Amino acid sequence: MASAALLLALWAQPALAARAPAAQGELVITEFMAQPADIPPYYGEWFEVRNTTSEELDLDNLLVRGEEGEEGFQITGETLIGPGDYLVLGVSADTALNGGVTVDYVYDHGDSGMELVHTGDEIRLMVGTTVIDRLVWTSADGWAVTESTSSYQLGPYAENSEWANDLAHNWCNSQQFAGSIYATPGAENDYCGEPSDDVDGDGYTLAEGDCDDEDPDVHPDLIDGAAAPYGVSGDDRNCDGRRDDGEIDDDDDGFTETEGDCDDGDADLNPGVLEADDGIDNDCNGCIDDFDGDGDGWTLCWTGGVEDCNPDDEVDCSVFATTGTVGDSADPPRFVLDATTHDLFAEGACALSYDHDDDEPAGEDPSRYPCAEEIAYDGIDQSGDGYDACDVDGDGFPGGDCAGAPAPGFTQTDDNGDPVEEDCDDRNAQVFPGGDEGDPREGGIPDNEDNDCDGVVDGPYLDLDGDGVTVLEGDCRDALPEDDALAVEVFPGATEVCGDGIDNDCNGLADDGCTMSAALGSLGGGGICGVAATSGSAGLAWLAALGVLLARRREERN
């Protein structure tokens, strides 16, 4: 039992003084009666406010205004409202005239100009220039109030939020009879709709705190931020009565809820702490007692996220489907390339958000984590995209063995199923088997690259056959001796070899300048006499050949 001295000391402690409302949403307008029927004009007008804070508030100096142009009134003198309590402000405290409503604060209707028009009006609660709550009802905004003996009330699921009391579907006529009207002045309101129904299918009913049961992206189990994916600025998507409070670091640990703080009331739980073996998700990564063994900032914990390794490559990593299991399984998750994602795949563009190094002990390689720099052709998937790096320059040819790599980033075989030739320079997309070396005759210039991977750098610009003349200088048959043994005998100025059918001097004509006997010598072995030495069908054949040769010479001369 406490001592008398202790009880006296506790009794002597001064009570906490009530404070003035200071922030948006600390007072919420929860019910009003505008132009009631069957009650003397104006006497039955009133409205109700609720203290949404955990402290007692003093409404002294609170300014109440209606539509623009109305002077309104300012509360004078101590006017207390406890935490979670209601306070009724009205034109008359005479229950015989106002419909039987107990009014806590009376304001002058005539001086204030505060006539509540049922077809459309406004109530603003202000402290200085700060608007604590503003309620507007008009038919243009989708709702108006009928002139009746029933007040208009806010459903109890929305009473904590000055944001939710702006939504017309959260308001309805009161069904409780009080005095000579239907109203709940100074008490919790009725539900608007069936509280057990989850109308928007988000898993929360009105009774469970869904302050907007027509929007599945608004319910108590959400983070309320000021930008996507946590809502928009000025909403209250978690229905706690505070707008965008996911942007506030409540426990001063350096992290807000939108920054990944999974318990913003406990400074020991946030993404910046180390995981402890205590059965708690200390680092807020969604997994309990997972450890970063290699210190790369990632663990085997995967909660379904995908990292975009290159935000500038226009690959939308969110469209990738995933499969497999996570952790120390022999089959970690990989990307599934389907008709939608196939063309979007770019090696290293996306990675699953977990440490894919499943060696034992878990996480022993600090170079392996999502979006890490890939080491090509080492047989290790550093980046977590599911594959080792290959075809680094993206020209369709590998620079070495890279088994298991996917299309279209790289293929091991061509359309015929034959192995793809090896790229001789996998750092340059302009270099690959069959690449273009350029044409000197069309203004091409050497680039110091073996573009076609034939083993010769700038082949078209070199004297490959060693005859002293390059293609650039007019050599019309320049090739390595092992590829063309006759190429060395062909160049500008070379002696024309009669009868070989080759343009030896690169002037565009074969065997030009040769005598008829010399040309025919190669055909019959004895010039004109060779023809005479034959008889029968053989002679006719030689004559036919001679005719063809003469015709060809005539065409070449012309």
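1. Basis of the note. The structure is a predicted model, in which local features need pLDDT of at least 70 and side-chain atom pairs count only at pLDDT 80 or more, while totals for chains, interfaces and linings use all residues. Residues are numbered from 1 along each chain as its sequence is written, and side-chain values use heavy atoms, with hydrogens and water left out.

2. The sheet of four strands. Helices (H or I, at least four residues) and strands (E, at least two) are DSSP runs, numbered from the N terminus. Two strands are said to pair if DSSP finds at least two bridges between them. With antiparallel pairing, 4 strands make an open sheet in the order β5-β4-β9-β10. The edges are held by β5 (73–74) and β10 (130–138); each has a single partner strand, so one side of each is left without a neighbour in the sheet.

3. Strand β9 and its partners. Strand β9 (residues 120–127) runs antiparallel to β10, and 8 bridges join the two. Across this pairing, I123 stands opposite L135 in β10, R124 stands opposite R134, and M126 has V131 as its bridge partner. The hairpin of β9 and β10 has 2 residues between the strands, and in this hairpin G128 takes a positive phi near 65 degrees. Strand β4 (residues 63–65) is also antiparallel to β9, to which it is joined by 3 bridges; here V64 stands opposite L125.

4. Burial of β9. A residue is called buried under 20% relative accessible area, exposed over 50%, and partly exposed in between (1.4 Å probe, protein chains only). By this rule β9 is mostly covered, with 7 of its 8 residues buried.

5. The sheet of six strands. Another open sheet has 6 strands in the order β8-β7-β2-β1-β11-β12, and its pairing is mixed. Its edge strands are β8 (105–106) and β12 (171–173), each with a single partner strand, so one side of each is left without a neighbour in the sheet. Within this sheet, strand β2 (residues 46–51) and strand β7 (residues 86–90) run antiparallel and are joined by 5 bridges. V49 has L87 in β7 as its bridge partner.

6. The nonpolar core. In soluble globular proteins, nonpolar side chains tend to be buried together. A nonpolar core is a set of buried Ala, Val, Leu, Ile, Met, Phe, Trp, Tyr and Cys residues joined through side-chain atoms within 4.5 Å. Which residues have the most contacts inside the largest nonpolar core? They are F32, F47, F73, L89, L125 and W137, in a core of 42 residues. At least two residues of this core come from each of β1 (27–33), β2, β7, β9, β10, β11 (152–154) and β12. Strand β1 gives the most, with 4 residues.

7. Salt bridges. Side chains of opposite charge can pair when their charged atoms come close. A salt bridge is counted when a side-chain nitrogen of Lys or Arg is within 4 Å of a carboxyl oxygen of Asp or Glu, and the structure holds 11 of them. One joins R124 and E122 at 2.8 Å, N to O; R124 is buried at 18% relative accessibility, and E122 is buried at 10%. Another joins R19 and E26 at 2.9 Å, N to O. In that pair R19 is partly exposed at 24%, whereas E26 is buried at 13%. The side chains of D250 and R242 meet at 3.6 Å, N to O. D250 is partly exposed, with a relative accessible area of 38%, and R242 is also partly exposed, at 38%. Salt bridges that share partners join R19, E26 and E55 into one network.

8. The largest pocket. A pocket is defined on a 1 Å grid over the protein atoms alone, as an open set of points where a 1.4 Å probe fits, with protein on both sides within 12 Å along at least five of seven lines; its lining residues have an atom within 4 Å of a point. Grid points are joined across faces, edges and corners, and the volume is the space filled by probe spheres set on the points. The largest pocket has a volume of about 540 Å³. It is lined by 19 residues, and D283, C284, N285, G286 and G297 are the closest to its centre. The lining divides into 8 nonpolar, 7 polar and 4 charged residues. In this division Ala, Val, Leu, Ile, Met, Phe, Trp, Tyr, Cys and Pro count as nonpolar, Asp, Glu, Lys and Arg as charged, and the others, Gly among them, as polar.
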